[in-house]
Amino acid sequence: HDLPVAFAAIPTLAAAGGREHYPPWPVLPLSTTTLLNHFTFVRAKLPARWWSLLSSAFTHLDANHRDSNLLSLLFSALPLARRLGSRGMAAVFLGGHIAAALNTRGRVLQLERGTSTGARAGSRRRGSA
């Protein structure tokens, strides 16, 4: 039950940067700079920013990114959560996110420090799917 709340409480990078409206529910008052410096994962910043392995699971580029992740959680994670319980599901979710963040071979980096707007979509490596 707490995962969707965490998704919803952190503003998207686009909302924090003024490129989209904030959602109609309360969100934390975080700036784009704060999100990029403290919530997004940058492998080169380990171990100093170890917490970003967890916080980056709740940081989204825009509302479409956040909403598609919430929908996939709704349809795939709810049945699993019924079997594992809330803590078990949180462990699977965060463990999977950490594994994905650390395994950057051939994956698209969705959130990376980029243009003056604060964030940009990453590019694929050659030969990756």
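Visitor: Where does Ala 57 lie?

Guide: In this model, which is predicted, Ala 57 lies in the loop between H4 and H5.

Visitor: And is Ala 57 buried or exposed?

Guide: Ala 57 counts as buried, with a relative accessibility of 6%. Along the sequence Ala 57 and Ala 6 are 51 residues apart, yet in space their C-alpha atoms are 9.3 Å apart.

Visitor: Let me step back for a moment. How many helices and strands are there in the chain?

Guide: The chain has five helices and zero strands, and reading along the sequence gives the pattern α-α-α-α-α. Of the 129 residues in the chain, buried residues make up 31%.

Visitor: Let's go to the start, then. Where is Thr 12 found?

Guide: Thr 12 is found in the loop between helix H1, which covers residues 2-9, and helix H2, which covers 13-16. With a relative accessible area of 2%, Thr 12 is buried, because buried means under 20%. The side chain of Thr 12 is also joined to the side chain of Glu 20 by a polar contact of 2.6 Å.

Visitor: What about Leu 13, which helix does that lie in?

Guide: Leu 13 lies in helix H2, and at 0% relative accessibility Leu 13 counts as buried. Its C-alpha atom is separated by 9.9 Å from that of Thr 34, a residue 21 places away along the chain.

Visitor: Where is Arg 49 found, and is it buried or exposed?

Guide: Arg 49 is found in the loop between H3 and H4, and at 8% relative accessibility Arg 49 counts as buried. Arg 49 and Asn 37 are twelve residues apart in sequence, with 9.0 Å between their C-alpha atoms.

Visitor: Then Ser 55, which helix is that in?

Guide: Ser 55 has its place in helix H4, where Ser 55 is buried, with a relative accessible area of 12%. The C-alpha atoms of Ser 55 and Leu 35 are separated by 9.4 Å, although the two residues are 20 apart along the chain.

Visitor: Now for H5. What would a straight helix of 40 residues span, and what does H5 span?

Guide: A straight helix of 40 residues would span 58 Å at 1.5 Å a residue, whereas H5, residues 63-102, spans only 25 Å between its end C-alpha atoms.

Visitor: Where is the kink in H5 centred?

Guide: The kink in H5 is centred on Gly 85, and its angle is about 120°.

Visitor: What caps the N-terminal end of H5?

Guide: Asp 62 caps that end, with a side-chain oxygen lying 3.3 Å from the backbone nitrogen of Asn 64.

Visitor: Which residues in H5 are buried?

Guide: Among them are Ala 63, His 65, Arg 66, Leu 73 and Ala 77, and also Met 89, Phe 93, His 97 and Ala 101.

Visitor: You mentioned Arg 66, so what does Arg 66 form a salt bridge with?

Guide: Arg 66 forms a salt bridge with Asp 67, and their closest N and O atoms are 3.0 Å apart. A search of the whole structure finds one salt bridge. At 6% relative accessibility Arg 66 counts as buried, whereas Asp 67 is partly exposed, with a relative accessible area of 32%.

Visitor: One more topic, the surface. Which residues make the nonpolar surface patch?

Guide: Leu 71, Leu 74, Phe 75 and Leu 78 make a nonpolar surface patch of about 410 Å². One of these residues, Phe 75, lies in helix H5.

Visitor: Why is Phe 75 called exposed?

Guide: Phe 75 has a relative accessible area of 62%, and exposed means over 50%, so Phe 75 is exposed.

Visitor: And why would residues a few places apart on a helix point the same way?

Guide: An α-helix has 3.6 residues a turn, so residues three or four places apart point the same way.

Notes
Residues numbered from 1 in each chain as written. Predicted model: local features only at pLDDT ≥ 70, side-chain atom pairs only at ≥ 80, totals over all residues. Heavy atoms only, no water. Helix = DSSP H or I, 4+ residues; strand = E, 2+ residues; numbered from the N terminus. Expected span 1.5 Å × (residues − 1). Bend = angle between axes of the 7 residues up to and from the residue. Buried < 20%, exposed > 50% of the residue type's maximum accessible area, 1.4 Å probe, protein only. Polar contact = N/O pair within 3.5 Å; in protein donor to acceptor, adjacent residues only side chain to side chain. Patch = residues over 30% accessible without salt bridge, like charges linked within 9 Å, V, L, I, M, F, W, Y side chains within 5 Å. Areas by Shrake-Rupley, 256 points an atom, 1.4 Å probe, with all protein chains shown as cover. Salt bridge = Lys/Arg side-chain N within 4 Å of Asp/Glu carboxyl O.
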